Amino acid sequence: MTPRKPIVGGNWKMNLHRAQAVDLAKSLVDRVNSNEDVEVILFPPFPYLEAVGKVLRDASSPIRLGAQDFYHQPNGAYTGEVSISMLADLGVTNVLVGHSERRHVIGENDVLLNQKVLAGLKAGMEVMLCVGEKLEQREANQTDDINAGQTRYGLAGVDPKDMARVSIAYEPVWAIGTGKTATAADAQNAHVAIREVVARQFSTDIAQHVRILYGGSVKGSNAPELFAQSDIDGGLIGGAALKADDFMAIIDAATNSVSA
Ligand code: PEP
């Protein structure tokens, strides 16, 4: 089996204010500093990227700075949008694309999300593409089809050599922020199916290397079982990323899954 370094991402969404964001980042840099088995990424809201980035930089922390979204055009008349080079200026190295709240609340479609993936990679970012089915799709047995479609569209036209900078977060929409989690076995099956899509679209080797994270009400209590699955390479965390102790418990579970 190809060893894949797990990723634990903290998606703070539209939560926290400046002082809380800085405090949370400070407590994490104190505790994550020596962790080399797991890649940790924080995705603060845009207005606090600079402040959180400064905390990470001042501590020479291995924690990466990520943005929850961006616009794919380099500059111009796009009121309210933020470009990748603006994010790069702030020290951002990682970006999310297609979080289910962007797809289903804000209304972003696969065409736009593919443009964002391509633009993010072209700019040298590490791109995390989020995919996942809604409850009614799951109930209609469409989970694998939805994931396959979102993965294929999202990664269309990606240069195979850029796939080293791509990860995929499988986040069943019905499990996000609801307290409901996919069973470890269901999540593992969905991850295997997504990996097969990547193998068909690119190559078996690329599929074996791509990190596929699970997201959806991950907590310290369920993370060990989820991360013990052979195709689950860490997690994208929402609610439990807002408290240092809760987030650390998940990072620890990912670290233990490597040494297990
Ligand atoms: C998320 O924000 O991607 C997420 C999975 O949220 P939560 O952990 O709160 O379900």
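This is a predicted model: local features need pLDDT of at least 70, side-chain atom pairs count only at pLDDT 80 or more; totals for chains, interfaces and linings use all residues.
Me: What distance separates the end C-alpha atoms of helix α1, and what span should its 15 residues have?
Reply: Helix α1 covers residues 18-32. At 1.5 Å a residue, its 15 residues should span 21 Å. The distance between the end C-alpha atoms agrees with this expectation, being 21 Å.

Me: Where do the buried residues of α1 lie when the helix is seen down its axis?
Reply: The buried residues of α1 are Ala 21, Val 22, Leu 24, Ala 25, Leu 28, Val 29 and Val 32. Seen down the axis, they fall within an arc of 165°, so they line one face of the helix.

Me: Which exposed residues does α1 carry on the face turned away from its buried side?
Reply: The buried side of α1 is covered by elements that include β2 (39-43), α2 (49-58) and α11 (244-259). The face turned away from that side carries two exposed residues, Ala 19 and Asp 30.

Me: Which elements do the buried residues of α11 pack against?
Reply: Helix α11 has 16 residues and reaches 22 Å from its first C-alpha to its last, close to the 22 Å expected. Its buried residues are Ala 244, Phe 247, Met 248, Ile 250, Ile 251, Ala 253, Ala 254 and Thr 255. The elements they pack against are β1 (7-11), α1, β2, α10 (223-227) and β8 (234-237).

Me: At what angle do α1 and α11 pack, and how far apart are their axes?
Reply: Two packed helices are described by the angle between their axes and by the distance between those axes. In α1, Leu 24, Ser 27, Leu 28, Arg 31 and Val 32 meet residues of α11, namely Ala 244, Asp 245, Phe 247, Met 248 and Ile 251. The crossing of the two helices is right-handed. The packing angle is about 35°, and the axes are 10 Å apart.

Me: Is Val 38 buried or exposed, and what is its relative accessible area?
Reply: Val 38 is found in the loop between α1 and β2. Leaving aside residues up to four places away in sequence, Val 38 touches Lys 5, Pro 6, Val 8, Ile 251, Ala 254 and Thr 255. Buried means under 20% relative accessible area. Val 38 therefore counts as buried, its value being 4%.

Me: What distance separates the C-alpha atoms of Val 38 and Ala 253?
Reply: Ala 253 is one of the buried residues of α11. Val 38 and Ala 253 are 215 residues apart along the chain, and their C-alpha atoms are separated by 9.9 Å.

Me: Are the rings of Tyr 71 and Tyr 78 stacked, edge-to-face or tilted?
Reply: Planes under 30 degrees apart count as stacked, over 60 as edge-to-face, and the rest as tilted. The ring centres of Tyr 71 and Tyr 78 are 5.0 Å apart, and their planes stand at 45°, so the pair is tilted.

Me: Is Ser 60 buried or exposed?
Reply: Ser 60 lies in the loop between α2 and β3 (64-67). Its phi is positive, about 45°, although Ser 60 is not a glycine. Exposed means over 50% relative accessible area. With a value of 61%, Ser 60 is therefore exposed.

Me: Is Ser 217 buried or exposed?
Reply: Ser 217 belongs to the loop between β7 (211-215) and α10. Although not a glycine, Ser 217 has a positive phi of about 55°. Its relative accessible area is 15%, so Ser 217 is buried.

Notes. Residues are numbered from 1 along each chain as its sequence is written. Side-chain values use heavy atoms; hydrogens and water are left out. Helices (H or I, at least four residues) and strands (E, at least two) are DSSP runs, numbered from the N terminus. The expected span of a helix is 1.5 Å times one less than its number of residues. Buried means under 20% relative accessible area, exposed over 50%, partly exposed in between (1.4 Å probe, protein chains only). The arc is that of the directions from the helix axis to the C-beta atoms. Contact means heavy atoms within 4.5 Å. Rings of Phe, Tyr and Trp (its six-membered ring) pair if their centres lie within 6.5 Å; planes under 30 degrees apart count as stacked, over 60 as edge-to-face and the rest as tilted. Axes are lines fitted to C-alpha atoms, for helices over the stretch in contact, and angles run from 0 to 180 degrees between N-to-C directions. A crossing is left-handed if the near helix is turned anticlockwise from the far one by less than a right angle, and right-handed if clockwise.
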